[in-house]
Amino acid sequence: MPHRQTTDLLAPMLVPLAGMISGILAGTAGVGLWTGLSLILASCGLYLLLIHLTRNPVKSFTRNKYHYAWIMILFAGIGTITYDLNRPWQTEHPDKFIYARGKVLDVAQSTTGDRATIAISTLWDDKGMPVNVDNMTLLVRSDAMTARPDDEVELPLKMQPIVDSENYFTSGYASAMNRKGIYYNTRCEGSEIKVTGHKMTPHGAALLARDNIEAFIEKTPLHKDTQNFLITILLGDRAYLDSSTRDLFSDAGISHILALSGMHVAIIAGIIMWLLFPINFFGMYRYRLLISTLLLLGYAFLTGWAPSTVRATLMAMAIMICLFLERKNSAWNALLLATAIILLFSPSALFDVGLQLSFLCVASLIFFVNPLNPITGQGHRSLYNVCRAILATLTATLGTWCVVAWYFGIVPVAFLPANLITLPLLPAYIVTAIVYLAATMCGIHLTWLATLLDLGPVCLKNMLTWLSGEGGSALNFSPSPVAVWLWLLFAASLAILLNSKKTRIKKLLCVMAGCAFLLSVAPAVNAAEEEAFIIRKGNGGVSVLSRMNRKDTILQMPRQQVTGCTIAHKYIVIGDCTVEHMTTDPAMTCDILVIAGGIREELPEILERIHPDRIVIHPSVRKVRETRLMSAADSLAIPCHSIRLHGAFRYDSQRVKTLPQR
């Protein structure tokens, strides 16, 4: 049987990265700077002890494996110190601070308003006392943001913790921000933000360069949708795509082409290497690798140092440097090295979903594609490449599907045909886009290339809509954290089994991990459909947001009339007119009565015509009258919920109903 190439799991960077991750996790649990220093001192002591005990060559050989211990402890200490130095600042009383000074990190502009990310250096409390803070990042929302990245600013504060909106189902927005180290937000007018200075930084220069390229693309004669698509796949700025387009790509299982990652870096690297091919004629092939490495670093700079792009760039740079030095290279070791460097400078990136998915995707490609390929590259090169392309799509998706389902609640079904059609065409499309943009920059307008570029997004959307059934093919599934960890354990055990000598114990452990995962995921698969609704304040009237099996629908109820509907097995009556027009005898019964501003009568008169189990008072009811209604409901022992006081009313058929309190 022909030898099949495998990957050695015990790469040199595996132990240091594991130690650093352990230290960061310890830092999140509250371990501080002195513990990290103690770990480093302990690792140095253990190293000196091992050196003393292994002076004898025989003892040195037998005790060589113990050196992994001090390396692990050393990097655990480094990880703990790194996280402690970058620990996000928090306070129990954010509302007592009224003024702040800091530096603008980024500004995102949209039709609904602007959002700035500001690194705060000083806060002033309500007594006028300044407080110096470290590692505090604040989100500032404004209708018209005048500040730009790297501006030093001062602004008034009404600082509040970031929480998920009460008017929507759990979105995970707050937890996503918290994972990035952002815990607070505020809102102020653009004119209230005072710019006191400007100091250019590499990060700000990268964002400025990216903004200039985006502005140049927007000035081209291309269609607006094409411009937005090019900005997304070339520069990684997904803010230019509307939510429906992003959902379409996600349902089809190809949202990874919208996030700059290893695939995009590999395409750019291939273009650079091809352009520099003439250097080989002068016998300088090694310098071709060195120049390509520097240009890749420049590309990461132009994308604004996106974490996934930095990871892929560092990995490609590690491999190219090994080739330049004519040393043995390993994609697995390069991935570990790139991840360790990112965590060293940004430990909070460990909890970033983009970095997690990027790492799992590349690791799946490294460990599963070659061992699972039934065709060898000798004599069947074309068939071998076809199998590699199919396996690359399968392994990348299967390696990450459980984590994707945990974060986003969906599992794409049409990912295989969508990827097999899209991925081979994407490099050609990117090359065409680069040629067109370069020609346009030189004053040459290639109309036929513009036509091809405009057809690309249109054809892609039509194809994805057809394959995914307008998003209906994606499965709604949310595994538990235990199921996610068991799936990762199964994937790791399978990688060990496929890339090392197969033994009975390894096979047994792999089967046990797979069975444990199936047992943990069975309750989620057999669970009933989730049915829920939220009664909230709409645009001038009552709005009901309903959810059926993770599909959300907004119902805007008509004004000045009575409306009835059944959602999640609950009959809801929305009254926005006088009692005489609500119903006739006998009295109507319902689960929930929503009283809006159109009802002028008091509660006893309302209850003569309708008998509810619970009352919800809409904010269109005046405050004085709302107080009387709530007092009357309390005296009659009818549960009453005020949207103005308690927030939106939520009901979930799968959980015990709770009324949010403030």
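Analyst: Cysteine 402 counts as buried, because its relative accessibility is 0%. Buried means under 20% relative accessible area, exposed means over 50%, and partly exposed lies in between (1.4 Å probe, protein chains only). The model is predicted: local features need pLDDT of at least 70, side-chain atom pairs count only at pLDDT 80 or more, and totals for chains, interfaces and linings use all residues. Residues are numbered from 1 along each chain as its sequence is written, and side-chain values use heavy atoms, with hydrogens and water left out.

Cysteine pairing comes next. The structure holds 0 disulfides, a disulfide being a pair of cysteine sulfur atoms within 2.5 Å. Cysteine 510 is in no disulfide; its nearest cysteine sulfur belongs to cysteine 515, 9.6 Å away. Cysteine 510 is also buried, at a relative accessible area of 6%.

Now the sheet. Its 5 strands run in the order β13-β14-β15-β16-β17. The sheet is open and the pairing is mixed. Strands (E, at least two residues) and helices (H or I, at least four) are DSSP runs, numbered from the N terminus. Two strands pair if DSSP finds at least two bridges between them. β13 (562-567) and β17 (640-642) are the edge strands. Each has a single partner, so one side of each lacks a neighbour in the sheet. From one strand to the next, the twist averages 30°.

β13 pairs with β14 (residues 570-575) in the antiparallel sense, over 6 bridges. Valine 562 stands opposite glycine 575 in β14. Helix α20 (residues 623-635) packs on the sheet and touches β15, β16 (610-617) and β17. The direction of α20 makes about 160° with that of β17. Axes are lines fitted to C-alpha atoms, for helices over the stretch in contact; angles run from 0 to 180 degrees between N-to-C directions.

Alanine 596 sits in the loop between β15 (588-595) and α19 (603-609). Alanine 596 is buried, because its relative accessible area is 1%. Which residues does alanine 596 touch, not counting residues up to four places away in sequence? They are Val542, Gly575, Asp576, His618, Ser620 and Val621. Contact here means heavy atoms within 4.5 Å. Alanine 596 and valine 621 are 25 residues apart in sequence. In space they are 5.8 Å apart, C-alpha to C-alpha.
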